[in-house]
Amino acid sequence: MKKAFITGVTGQDGSYLADLLIKKGYQVYGLTRRTSTQNFARIKHLIHNPRLELVSGDLIDQHSLTNALHDVKPDEIYNLAAQSFVKASWEQPVLTGEFTAIGVTRMLDAMRLACPDARFYQASSSEMFGKVREVPQTEQTPFYPRSPYGVAKVYGHWITVNYRESFQMFAVSGILFNHESPRRGLEFVTRKIANGVARVKLGKQSVVELGNLKAKRDWGYAPDYVQAMWLMLQQDQPEDYVVATGQNHSVREFLELACQAAELDDWQAIYQHNPLYDRPAEVDVLVGDASKARRQLGWEPSVTFAELVTLMVEAELELERQNGEE
Ligand code: NAP
Ligand code: GDD
């Protein structure tokens with residue numbers, strides 16, 4: 001039985017990846033950090049599944065990572081843990097650098113010492129393209145990050161390349177464009193809109209407060225994207241890949257479609273601008289070219305933008321109905 005080690009297993013992607021790998025017959029080990037209240041909502045359906053074992057550790061604690069990999073001796077390592085919210089990276093730039101940048105070196109070095117023959121996946125990001133140098137963005141597009149998070153991800157990307165080239169380790173980066181789902185954190189714009197629109201529909205709130213409606217993102221469906229991560233580690237050679245749908249839409253379009261999905265007539269009636277959600281430096285337009293992933297991995301997205309918006313709004317309507325009146 002193959003063994004996989006996932007950092008960030010309590011997050012959106014980690015939880016879907018754990019589902020996928022368990023379905024594929026893996027024994028999965030998920031790194032979790034100590035918190036005063038347990039944060040297992042996204043993996044609650046797996047908590048009593050013997051195929052998932054939780055291992056204590058933190059990206060900031062080198063020994064916990066080396067010990068964990070030494071004990072588990074995994075075949076595959078997926079480094080998904082990070083401070084992943086771009087807006088928070090201006091408020092906590094040093095912590096973002098510790099987790100999202102140096103945390104990658106800690107994981108790579110733990111692997112080098114404990115299980116150098118394992119295969120390593122690094123969660124790189126389209127946010128590295130930032131103020132984009134070309135459209136669409138490919139594996140060759142130069143990086144121009146626009147946030148402390150983006151800068152930290154560029155570091156994580158290059159240290160992964162460097163360990164691959166220095167120590168002949170099987171280490172790859174997936175440069176993933178935005179991917180969403182009902183398991184997305186509530187602070188990210190798609191889930192925030194889907195939830196806000198559902199709450200307006202059910203009479204629980206009257207407006208949705210947002211920042212910049214003009215920003216465009218290439219939004220896909222998270223379960224499709226964890227499939228791409230797994231495929232990258234099954235290849236003969238370690239290479240980096242862009243994963244994207246190839247189409248982008250504005251935040252405003254997401255809001256309009258979400259209102260339609262909830263049968264609310266006028267999106268402008270429920271939208272309110274709040275400068276609190278504007279960013280010191282914005283990434284205006286992202287759109288990826290995933291030709292290499294399509295060609296070499298046989299990967300393709302299965303959910304359209306309209307389907308994504310609808311499934312997220314329906315999930316929030318269901319959730320808010322279950323939560324009852326306030
Ligand atoms: P997420 O939902 O925010 O999950 C982040 C995970 O990292 C959580 O499990 C969190 O644990 C864990 N974590 C944070 N700091 C940690 C630390 N110091 N030690 C150990 N664990 C720590 O993020 P996601 O959307 O699943 O994204 C997964 C990865 O892909 C991230 O690296 C993200 O930057 C990257 N990425 C995401 C997207 C996207 O569109 N979703 C696109 C490109 C790249 P807690 O539950 O304890 O907080
Ligand atoms: N979060 C948020 N909240 N974003 C808003 C809001 C709001 O109220 N109003 C407008 N936006 C705009 C942001 O300014 C940004 O341009 C866009 O919506 C998307 O914001 P997020 O959903 O927070 O995602 P992100 O693109 O900044 O970052 C996500 O994708 C990256 C890949 O490109 C995260 O998942 C990162 O971890 C990931 O690397």
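Predicted model: local features only at pLDDT ≥ 70, side-chain atom pairs only at ≥ 80, totals over all residues.
## Basis of the values

Local features need pLDDT of at least 70 and side-chain atom pairs count only at pLDDT 80 or more, while totals for chains, interfaces and linings use all residues; side-chain values use heavy atoms, with hydrogens and water left out. Residues are numbered from 1 along each chain as its sequence is written, and chains are lettered from A and ligands numbered from 1 in the order in which they are written.

## Aromatic pairs

The structure holds eleven aromatic pairs. Rings of Phe, Tyr and Trp (its six-membered ring) pair if their centres lie within 6.5 Å; planes under 30 degrees apart count as stacked, over 60 as edge-to-face and the rest as tilted. Trp219 and Phe254 form an edge-to-face pair, at 5.4 Å centre to centre and 65 degrees between the planes. Trp219 lies in the loop between strand S9 (216-217) and strand S10 (220-221) and Phe254 in helix H8 (residues 251-261), so this pair ties together parts that are 35 residues apart in sequence. Helices (H or I, at least four residues) and strands (E, at least two) are DSSP runs, numbered from the N terminus.

Trp219 is buried at 3% relative accessibility, and Phe254 is buried at 0%. Buried means under 20% relative accessible area, exposed over 50%, partly exposed in between (1.4 Å probe, protein chains only). Phe254 also pairs with Phe305: the ring centres are 5.9 Å apart and the planes at 70 degrees, so the pair is edge-to-face. Phe305 lies in helix H11 (residues 305-323), so its pair with Phe254 of helix H8 ties together parts that are 51 residues apart in sequence. Phe305 is buried too, with a relative accessible area of 10%.

Elsewhere, Phe129, Phe143, Trp158 and Phe177 form one aromatic cluster.

## Charges over rings

Lys192 lies over the face of Tyr277, at 3.2 Å from the ring centre. Arg112 lies over the face of Phe167, at 5.1 Å from the ring centre. The criterion is NZ of Lys or CZ of Arg within 6 Å of the ring centre and within 35 degrees of the ring normal.

## Ligand 1

The shell around ligand 1 has 24 residues, the closest being Thr10, Arg33, Asn39, Ser84 and Tyr149; a residue counts if one of its heavy atoms lies within 4 Å. Helix H1 (12-23), strand S5 (119-125) and helix H5 (148-167) each supply at least two residues of this shell, and S5 gives the largest share, three residues.

Oxygen atoms of ligand 1 lie 2.5 Å from a polar side-chain atom of Tyr149, 2.6 Å from an N or O atom in the side chain of Asn39 and 3.0 Å from a polar backbone atom of Gly11.

Terms used
Polar contact = N/O pair within 3.5 Å; in protein donor to acceptor, adjacent residues only side chain to side chain.
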